[in-house]
Amino acid sequence: MGLLPPKQRAPPAVLLQSALFFISFVCRHSFCLEVEKNQSAWLLVNASRASGHPISDRLFGIFFEEINHAGAGGLWAELVNNRGFEAGGPNTPSYISPWSTIGNESYVMASTDRSSCFDLNKVALRLDVLCDDKGDNACPADGVGIYNPGFWGMNIEKGKTYKVVFHVRSSDSVNLSISLTGSSGSPVLASASVIASASDVLNWTKMEVRLEATATNHNSRLQITTNQQEVIWFDQVSAMPEDTYLGHGFRSDLMQMLAQIKPKFLRFPGGDYVKGEWLQNAFHWKDTVGPWEERPGHYNDVWNYWTDDALGFFEFLQLAEELGALPVWVFHSGFSIREEIETPNIHPFVREALDGLEFARGDSDSTWGSVRANMGHPKPFDLRYIAIGNQDCGRKNYRGNYLEFYNAIKQAYPDTQVISNCDGSSQKLDHPSDLYDVHVYTSANNMFSMAHQFDQMPRTGPKVFVSEYAVTDGGKGNLLAALAQAAFLIGLEKNSDIVDMASNAPLFVNANDRSFSNDAIVFDSSQIYGTPGYWVQSFFAESSGATILSTSLQTNSTSSLIASAISWQDSDNQNTYLRIKVVNYGSNSVNLKISLRGFDSNSIKLSGLSKSILTSAHPTDENTFQEPQKVFPKKSPLRSISKDVDVLLSPYSFTSLDFLEKPSILGIPRIEESSADM
Ligand code: AHR
């Protein structure tokens, strides 16, 4: 590796002087000998911001796809799975899984018909209760009925309240017990009765109860039982914890993990999920807005599960807003994985996209803006980034369809940033765009070497959006994969004059449905942990909007190192910080000498803040529910610091060094320069 990476500008005089100083320094201090014996390296950091370049203020974000039950049974806190009984399709009788009956067939029978009061999801559950409260045909003591185990068990916690809503109809009076119980029906964690006269439930009626749990059980179920002989219909049954993030329906623990990495944008709702294996299963945003009971839901045929679309277009926009992230909407551009719409027939799809933009951005008295306003958000959402399709480039009608979308959208919303999914890094695009998608799915070793992927790219033309990157041979998310990813991200930081945005894929995995392994955040009904790759992302949380500084790395033998330095300002306290990140992707430890030069003002003195290391005994180590912090950043303080710092980099490690470069006038005490103490 040369002293200066090819794309970097010539070093200012101060760097050269520093280099000479360093060489004389190390030889006077017998360091030359050490350099020959051990793996060693020298990182020269020019801390002058003038020598670097600003990083896009939206460089690092997240990509949410409805994969691995990331949303249904994940981020969306709904506990009931298949709440509208639609998962079995529109033809009845249909399967009602994962609903099941309580009581054998001589007591109770559950079937479906199309008698729902909701026009877009006509299927309802018909429950024939054959037993009665007394006599020869008495029901079992606990009653008979139906239960729903949620998504691999509901997490019910002592002292928390759950809102259960359902729709019911019967020609008789009803006396129902609504309870949250253990997975076999006991213990009872919370229970309430719903009693209504025949006239009250003759037509479909919405019922609501609040249940407060008296005990905790991570594998619970919702039961609706009775011991009255009659026929009862149920539809749209929901159980939501009252404790959700900002009360908006997102699971708090998962949201906290997202907030922690400070994503600057949210790309949603997929991926291939957007377009479907077949077009009939694509994500049609209009079917996902409005009252939850009226949404038809759809089969996610790419990742093979039903979704009630509770996490719909509105909720995604709200999610972005709550994270302080720019929404990036991917809509289907007339392609499923297996089909495509011919360009002359694309106009209804263009209309659908324009209507979606009006829903997000239109005045609250516009046709679609009013739907958004009625959902509780009169203020428009800041939707400016839109992606025309996902991985459709090269299809026969791609260019034709793309241009129809592009022209119509630019005309109606000139400030939109349009993202093409043709990778323009290998060849010039044959259509206009503001950004283009690059997807990187590769081995850890190749991901590491791709840190230099963008070094030689032309600096003109549309910007790069690495909207999906993932290591495919990293087990369920191991240390090696995370280090390769860290190196890749350092490469993106360094090339952030051309790379504008980047996000990892996939974001979430419910441990019960791993369609794609090596995800950032793993969870089940009650547990959660970050993979090493997630923790790597946390070290890049301050990079967006920072300044990438000029650095040069010289090593004696290893090419397994990559490093970057940024200067960033904390908007909370106005302090300026310097962060140096180094990946050691090799099996040897490395003596790294860091020389900090070129500060903008002589009056600035550095204070060491902290050193964080992400490593583990073996590069294949992973986190698990049993050991969620096996590979976890270990942070230690740096008491004082000089402008030459020696660091020992462990084998297979990621190291982040944080310095306070310029305290704000609030006056954080400065620590005088002294010799390095690391
Ligand atoms: O991230 C999983 C899938 O990989 C995405 O849906 C798709 O865009 C890519 O091929």
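Asp-572 counts as exposed, because its relative accessibility is 73%; exposed means over 50% relative accessible area, buried under 20%, and partly exposed in between, with a 1.4 Å probe and protein chains only. Residues are numbered from 1 along each chain as its sequence is written. This is a predicted model, in which local features need pLDDT of at least 70 and side-chain atom pairs count only at pLDDT 80 or more, while totals for chains, interfaces and linings use all residues; side-chain values use heavy atoms, with hydrogens and water left out.

Asp-572 sits in the loop between strand S29 (561-569) and strand S30 (576-584). Helices (H or I, at least four residues) and strands (E, at least two) are DSSP runs, numbered from the N terminus. Val-499 is 73 residues from Asp-572 along the chain, and the C-alpha atoms of the two are separated by 27 Å.

Helix H10 covers residues 479-494, and its 16 residues should span 22 Å at 1.5 Å a residue; the end C-alpha atoms are 23 Å apart, which agrees. The expected span of a helix is 1.5 Å times one less than its number of residues. Helix H10 is largely enclosed by the rest of the structure, because 15 of its 16 residues are buried. At the start of H10, a side-chain oxygen of Asn-478 comes to within 3.2 Å of the backbone nitrogen of Leu-480.

His-431 is in the loop between strand S20 (417-420) and strand S21 (435-442). With a relative accessible area of 7%, His-431 is buried. Its side chain makes polar contacts with the side chain of Ser-420 (2.7 Å) and with that of Asp-430 (2.7 Å). A polar contact is a pair of N or O atoms within 3.5 Å; within protein, one must be able to donate a hydrogen and the other to accept it, and residues adjacent in sequence count only if both atoms are side-chain atoms.

The ligand comes next. The residues around the ligand are Glu-65, Ile-67, Gly-271, Asp-272, Trp-303, Asn-390, Gln-391, His-439, Tyr-441, Glu-468 and Ala-505, each with a heavy atom within 4 Å of it. This shell divides into four nonpolar, four polar and three charged residues. Here Ala, Val, Leu, Ile, Met, Phe, Trp, Tyr, Cys and Pro count as nonpolar, Asp, Glu, Lys and Arg as charged, and the others, Gly among them, as polar. An oxygen atom of the ligand is 2.7 Å from a polar side-chain atom of Glu-65, and a side-chain N or O atom of Asn-390 lies 2.9 Å from a ligand oxygen. For Tyr-441, a polar side-chain atom is 2.7 Å from an oxygen atom of the ligand. Taken alone the ligand exposes 280 Å², and the protein buries 90% of that.

The structure also holds 32 aromatic pairs. Rings of Phe, Tyr and Trp (its six-membered ring) pair if their centres lie within 6.5 Å; planes under 30 degrees apart count as stacked, over 60 as edge-to-face and the rest as tilted. The rings of Trp-285 and Phe-359 form a tilted pair, because their centres are 5.3 Å apart and their planes stand at 50°. Trp-285 lies in the loop between strand S15 (265-268) and strand S16 (298-300), and Phe-359 in helix H6 (residues 347-361), 74 residues apart. Trp-285 is buried at 1% relative accessibility, and Phe-359 is buried at 0%.

Key:
Areas by Shrake-Rupley, 256 points an atom, 1.4 Å probe, with all protein chains shown as cover.
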